[in-house]
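Open the model in your viewer and keep the selection panel at hand. Each stop below says what to select and what is there.

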Amino acid sequence: MRLSSTPVKLGAYAGGLAVAFAAAFTVGSALDPVTDTAAAAPAGSAEHEETDAGGHDDGHGAADAATPPAGLAVSERGYTLAPAAGSLPAGSSVPFAFTVTGPDGAPVQEFTEEHEKELHLIVVRRDLAGFQHVHPARDAAGTWSVPLDLAQGGSYRVFADFTPAALGEGLTLGTDLSVAGDYAPEPLPAPAATAAVDGYEIRLAGTPVAGRESELTFTVSRNGREVTDLEAYLGAFGHLVSLRTGDLAYLHTHPAQEAHGDETGGPAVQFATTFPTNGSYRLFLDFAHGGRVHTAEFTVTVGAPAAPELPASDPAAHDAIPHED
Ligand SMILES: [Cu+2]
């Protein structure tokens, strides 16, 4: 990862890009590169600074009380993520099989597609290295299978993100997967406003706060030029998975703007994400360009004391953001 040594003010720049996103986002001087390296404030402190005039969040909102973060449970609402094996040999293409069992104990056979797939599988080692976002195939008996890159040993976390047709709501279940072999845990990279992957540079702007929607803008460049022909991937120009360090609580966010077929977009992709608490998060941005999917990774500190509040002048714009899960 290439680190930006000089904080760059992106406010005016991002404001210009925002035209394409109509009025759904408040973009402007509040956007600063995410470069905070200061220690996080005590957990929960942001709750008591809630001044949103929208009135839909009393400071103990759905993000951190009524609805626990996703991905922490192997079983929820009668549905269970059941891997065929809890440990696998190391290898660069290891078959992984599992079922999702329903309230009747049988493998679920009917799913509702979300973002063009019945089930999204996210795999990451517990030290947040080795991120994979794959789409398993389901057989007639309801068993899902997909090859995983498990070349390095260690303890992996597997997240299955799906909507059982009978439930009509999305679930993300998580389970651990042990891979035998040498394990050299990687330290969490420091927070940075830029990330490099596959020859692309991605800049992140935004001011993440806990307990309510934070707007994050990723801008994709290549060879110093902004990429304006990002490709649609699974119904959007980007997919964002955020994992909380410590317990790997899971947040999956899609942009408000949908994208299909041969539509192109960029260079900016905007997300409204609700981080449940203060803390460090690892963000994984999937985007498609050149016929391939690329994943940019960022470490973000939520709740750094220096983080400015979003402007309170336009609560309607906040409420207009339609898509966040
Ligand atoms: Cu997916």
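Start with H115. With 18% relative accessibility, H115 counts as buried, where buried means under 20% relative accessible area, exposed over 50%, and partly exposed in between (1.4 Å probe, protein chains only). This is a predicted model: local features need pLDDT of at least 70, side-chain atom pairs count only at pLDDT 80 or more, and totals for chains, interfaces and linings use all residues. Residues are numbered from 1 along each chain as its sequence is written, and side-chain values use heavy atoms, with hydrogens and water left out.

H115 sits in the loop between β4 (91-101) and β5 (119-125). Strands here are DSSP runs (E, at least two residues), as helices are (H or I, at least four), numbered from the N terminus.

The side chains of H115 and H254 are joined by a polar contact of 3.1 Å. A polar contact is a pair of N or O atoms within 3.5 Å; within protein, one must be able to donate a hydrogen and the other to accept it, and residues adjacent in sequence count only if both atoms are side-chain atoms. A polar atom of the H115 side chain also lies 3.5 Å from the backbone oxygen of L234.

**The copper ion**

Select the copper ion. Which residues coordinate the copper ion? They are H120 through ND1, H133 through NE2 and H135 through NE2, at 1.7 to 2.0 Å. Donors are N, O and S atoms within 2.8 Å of the metal (3.2 Å for Na, K and Ca); water is not among the atoms, so sites may look incomplete. Along the sequence, the donor residues follow the spacing H-x12-H-x1-H. H120 lies in strand β5 and H133 in strand β6 (residues 132-134), so the pair ties together parts that are 13 residues apart in sequence. H120 and H133 are both buried.

**Aromatic pairs**

Show the aromatic rings next. Rings of Phe, Tyr and Trp (its six-membered ring) pair if their centres lie within 6.5 Å; planes under 30 degrees apart count as stacked, over 60 as edge-to-face and the rest as tilted. By this rule there are 10 aromatic pairs.

Pick F131 and F284. Their ring centres are 4.1 Å apart and their planes at 10°, so the pair is stacked. The pair links distant parts of the chain: F131 is in the loop between β5 and β6, F284 is in strand β20 (residues 279-289), and 153 residues separate them. F131 counts as buried at 12% relative accessibility. F284 is buried too, with a relative accessible area of 0%.

Move to F218 and F271. Here the ring centres are 5.7 Å apart and the planes stand at 85°, so the pair is edge-to-face. F218 belongs to strand β13 (residues 214-222) and F271 to strand β19 (residues 268-273), so the pair ties together parts that are 53 residues apart in sequence. Both F218 and F271 are buried.

Then select F96, F98, F111, W144 and F162 together: they form one aromatic cluster.

**Salt bridges**

Side chains of opposite charge can pair when their charged atoms come close. A salt bridge is a side-chain nitrogen of Lys or Arg within 4 Å of a carboxyl oxygen of Asp or Glu. That rule gives nine salt bridges.

Select E169 and R77. Their side chains meet in a salt bridge (2.9 Å, N to O). This pair links distant parts of the chain: E169 is in the loop between β9 (154-162) and β10 (171-179), R77 is in the loop between β1 (75-76) and β2 (79-83), and they are 92 residues apart. E169 is partly exposed at 39% relative accessibility. R77 is partly exposed at 48%.

Go to D176 and R126. Their closest N and O atoms are 2.9 Å apart in a salt bridge. D176 lies in strand β10 and R126 in the loop between β5 and β6, so the pair ties together parts that are 50 residues apart in sequence. D176 is partly exposed at 34%, and R126 is partly exposed at 31%.

D176 in strand β10 and R157 in strand β9 are 19 residues apart. Is R157 buried or exposed? R157 is buried, with a relative accessible area of 7%.

**The last stop**

Select β20 and β21. Strand β21 (residues 292-302) runs antiparallel to β20, and 11 bridges join the two. Two strands pair if DSSP finds at least two bridges between them. F287 stands opposite H294 in β21. Finish at G290: in the hairpin of β20 and β21, with two residues between the strands, G290 takes a positive phi near 65°.
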